[in-house]
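Hi,

Here is the structure I promised to pass on. Have a look, and then read on for what turned up.

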Amino acid sequence: MSSTEKAIVFGQTMAATAMSSDERDEKHDGTEEAVVSTGQKTIRAATITTNDTQSSCQQDSTTCSSYTDHDTLGLHDDDKPNKGGVLPDATASIEGGVSVITQPEFFPVNHVKIMPSVNEKVIVDNVIDNSTRSGSTPSNSTSTGAAYYSKNSKSTNKNDNNASSTTVTTSASSTTSKTKLIASAKHNLQAGKSALEKSDFDTAADYFKAGRKQLNDITYWDDDEVRPILLELCIEGAHTCYITGEHDITNELIDEVLHHGNTIQEKFRVYEVKMLTVMATGNYQESLSLGLDVRKQLGLSTPSYNRVTNNKVISTMMILKRYGETTRRLGNRTAEELANLPELQDERIIMGQRMLELLLTSCYQVQPTLFPLLIFEIMNTTLEFGINASSCDAFTTFGILLSGPFGKPQQGREMAKAAELILSTKPGASRMQSRSANVIQGFINHWTMPLRETLTPLLEGYKAGRSSGDFESAKLCLGFRVVHTFHAGYHLNTDLIAEAINLHINFLHPDITTELWLQIYLLAIKKLCNIELEENEKDFDGILQTTSEGQAMSSLTMQCYTNTIQLELYAFFGDWEEAKSLLLTTSDVRAILQSPYPAVRHTFFEGLICIKAAQSSVGKMDSWKWKRRALKSMKFIRRWIELGNVNIIHCLHLLEAELALLNGKNEKRVEDFYKSAIDIAAKNQFIQDEALSNELASSYFGSLNNVSRRNYYLGNAIRCYSEWGATAKVEQLNQAE
């Protein structure tokens, strides 16, 4: 007998215990027996007497003694009459009790875990009050007795022992009052919400589905009493099905609510879900347009719709103007003062702030120049109307602008601290834990703290997102963890990257953007480790082609990540001409990516490639142009170091060494810069940059025919590349030697 079949009988027997005393009196012998034909064996439930706490069971010639309401119900198989219990793989009996009916061999059942599949709901009448316990089965009261339904359910006569269907109906009446159905639907709604709070998303989806089924059986949207319950069931169902990855059902429920909802307030939650669903497919432009339209429906200010959809660039003057307005409103308030602002109460403003959260995600991908304007909007609204969960986004995203574009990383860190205080002191802000971790660790903290120290918080953010259902943020945390692990100098075959990839593969809520983002770094690792691509695996051109077809984040944003990694690979393998050609076609990465570490990394390699291009240029004018661009990159890096960035000090020394070589400085001065770059890179564990610095120093002394110094640095370079795991690079150097 399967666990599902046993669960069915369990539900029927539970229903039988709920019969009224009048119904019981109609039984001439004071008992009722429920029978299920499975096609293989007949299963008989314990007979129920008129005593609520006393039962007796007779099966064939075996007599079983009484049990209490803490019993496993003593279900038996005909072929094993002495074997009792319900579920063979269970770990505990109902409420922890076991009666003699299950002895000497019993299979106890944990009541909390009894949960039929979505198409096998146990329908129990008159147990609404008793089924509020955690883990209770979705209720669907359609009769005064016990019943069970599925899409293919059939009536089964109690005496028909040859029936082959495992789905049965033991209904004592074909009609149920509207009041009972509404009450039962409300129960399923509340039970679903309780399951959501415990991150039991599949169970929650089952409850919401059962509730909708009950109400759709008796009425539709034109019933004023039923309508608000059905509306909430559809809204919660859409949200839960998005989390469980059932996007077809999600879209059906979204359409249902948008069609029948009367106000923006009724439709708002499904607009949220629709934006998330669209973003999961990589269509950020559609999500952006939808979010802007919702804010218009709320009567809130929003940037020009045409400007956004036509991809027009927002003027720098407008950005600077709004930045000035925001900083003046902010004043000199500390993180503590910001976290203690009055709480936001206006429902319309709360909805508008939530829309800005989602808009910021979409905007970053497809409208980077609009991104700061939306940040100023959410920040100013917070300062004017008060704080709520969305204020975490207001402070952290403003921190992005302060840390990167406006060169104030310490102030950016103060904004991140304000968000962290809100998360720790405001219970309603817990949903922002994963999203805030993604922004703080991915965009802010690397400016003032070692890159390696962001890895643990990113993993915690990923776990928080998985638990809360914020899968969008969870995947971003996972992506940044891979990015930072790669750039921080860990071994290329480290378990950290393997762990992240496995987490992504096992993620039951995939999206194409994260897929392509991780693929960029996997390609880099495979190239450095001399690993062949798998069949149908995308290379860098394939990734860019996918994005240009509108299937993922904008081609501009993904191109920046892709080109940054390609430039790094060209530098490591000494393909300076290829690097120069790519650099000429690369967009302004700092302006597009804003503030993540890859933008910093790009600036370093931009400077290095420009100096190499200047060194190899034939004409003085061409050399001067490349040198000028290199000096601009070095100016950024020098300024970042002055502001506390510890992750690129060695990069500046390496650039200084190559620049000194270009300017014809003496040998000692050039070598001193190389030594500084090597020593600091080793101290901060950037082993890949330690290797590159040794390699370039070796090349320099080789050009001077100083064989001993050349071999010394070359040996160190091979050692470092080997420790990094870059076997392809080690082979290249060994062949050259």
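What volume does the largest cavity have? About 330 Å³, where a cavity is a set of points on a 1 Å grid over the protein atoms alone at which a 1.4 Å probe fits but cannot get out, and the volume is the space filled by probe spheres set on the points, joined across faces, edges and corners. Lining residues have an atom within 4 Å of a point. There are 25 of them here, and Y364, Q365, N438, F443 and L476 come closest to the centre.

Before you dig in: this is a predicted model, with local features needing pLDDT of at least 70 and side-chain atom pairs pLDDT 80 or more, while totals for chains, interfaces and linings use all residues. Numbering runs from 1 along each chain as its sequence is written, and side-chain values use heavy atoms, without hydrogens and water.

Back to that lining. At least two residues each come from α12 (347–366), α14 (391–403), α16 (433–444), α18 (471–487), α20 (512–528) and α22 (555–572). The top contributor is α18, with five residues. By type, the lining has 12 nonpolar (Ala, Val, Leu, Ile, Met, Phe, Trp, Tyr, Cys, Pro), five charged (Asp, Glu, Lys, Arg) and eight polar residues (the others, Gly among them). Searching the whole structure gives two cavities of 30 Å³ or more.

Cheers

How values were computed: On a 1 Å grid over the protein atoms alone, a cavity is a set of points where a 1.4 Å probe fits but cannot get out, and a pocket is an open set with protein on both sides within 12 Å along at least five of seven lines; lining residues have an atom within 4 Å of a point. Helices (H or I, at least four residues) and strands (E, at least two) are DSSP runs, numbered from the N terminus.
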